Amino acid sequence: VCENRQNAIENKVRAMGGAARANMLRLDTAREKLDAYISRNQPAGVNIATTDTAQTAAETAVASLEAVSGESMDCQANDPAKWIYEVRVKAETAREALKKYSSELKAIVTTLKEQAPADNNNAVEDTRPTTGATVENN
């Protein structure tokens with residue numbers, strides 16, 4: 001039974017590792033953009049360094065999941081279910097770490113949005129062209 005499902009299980013585990021890495025890269029890109037915005041505009045009381053711990057935890061958890069997802073499942077081992085359990089635990093750890101990292105980035109964005117109306121230096125001007133057309137309700 002194990003040998004019949006081995007490829008499907010290994011493919012699923014590799015996909016989980018790849019998805020975790022892709023999510024980490026998206027969050028890191030968002031963090032870089034926030035860091036650039038904060039450096040450029042210097043809003044009061046906002047520091048991107050508050051996400052350092054969450055970023056490190058997420059990176060460690062994702063790397064741990066990727067390490068186990070690169071391994072092959074050994075059907076000849078005494079307990080192949082132990083490997084599957086280890087993968088599930090690492091996947092859950094990575095998922096929770098990524099959620100925490102994401103929520104900390106969202107908290108910074110929320111703080112920036114709350115400060116935006118009070119700080120006119122960071123106000124965004126609507127530069128969309130106006131057509132002059134109006135819509136009437138009949």
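Start by selecting H2 (residues 52-69) and H3 in this predicted model. Their axes come within 8 Å and cross at roughly 155°. Angles over 145 degrees count as roughly antiparallel, so H2 and H3 are roughly antiparallel to each other. The crossing of this pair, H2 and H3, is left-handed.

Now show side chains where these two helices meet. On H2, pick Ala54, Gln55, Ala57, Ala58, Ala61, Val62, Ser64, Leu65 and Val68. Their partners on H3 are Trp83, Glu86, Val87, Lys90, Ala91, Thr93, Ala94, Ala97, Leu98, Lys100, Tyr101 and Glu104. Color by class and the contact of H2 with H3 splits into 14 nonpolar, three polar and four charged residues.

Next, keep H3 (residues 80-115) and bring in H1 (residues 2-41). How do these axes cross? The axes of H1 and H3 come within 10 Å, at an angle of roughly 20°. That makes H1 roughly parallel to H3. The crossing of H1 and H3 is left-handed, and their contact has 21 nonpolar, two polar and two charged residues.

Last stop: the largest pocket, with a volume of about 180 Å³. Which residues line the largest pocket? Select Met16, Ala19, Ala20, Asn23, Leu65, Ala91, Ala94, Arg95 and Leu98. H1 and H3 each supply at least two residues of this lining. By class, the lining of the largest pocket has seven nonpolar residues, one polar and one charged. While you're here, look back at Leu65, Ala91, Ala94 and Leu98: they line the pocket and also take part in the contact of H2 with H3.

Terms used
Residues are numbered from 1 along each chain as its sequence is written. This is a predicted model: local features need pLDDT of at least 70, side-chain atom pairs count only at pLDDT 80 or more; totals for chains, interfaces and linings use all residues. Side-chain values use heavy atoms; hydrogens and water are left out. Axes are lines fitted to C-alpha atoms, for helices over the stretch in contact, and angles run from 0 to 180 degrees between N-to-C directions. Helices (H or I, at least four residues) and strands (E, at least two) are DSSP runs, numbered from the N terminus. Angles under 35 degrees count as roughly parallel, over 145 as roughly antiparallel, 65 to 115 as roughly perpendicular and the rest as oblique. A crossing is left-handed if the near helix is turned anticlockwise from the far one by less than a right angle, and right-handed if clockwise. Ala, Val, Leu, Ile, Met, Phe, Trp, Tyr, Cys and Pro count as nonpolar, Asp, Glu, Lys and Arg as charged, and the others, Gly among them, as polar. On a 1 Å grid over the protein atoms alone, a cavity is a set of points where a 1.4 Å probe fits but cannot get out, and a pocket is an open set with protein on both sides within 12 Å along at least five of seven lines; lining residues have an atom within 4 Å of a point. Grid points are joined across faces, edges and corners, and a volume is the space filled by probe spheres set on the points. Contact means heavy atoms within 4.5 Å.
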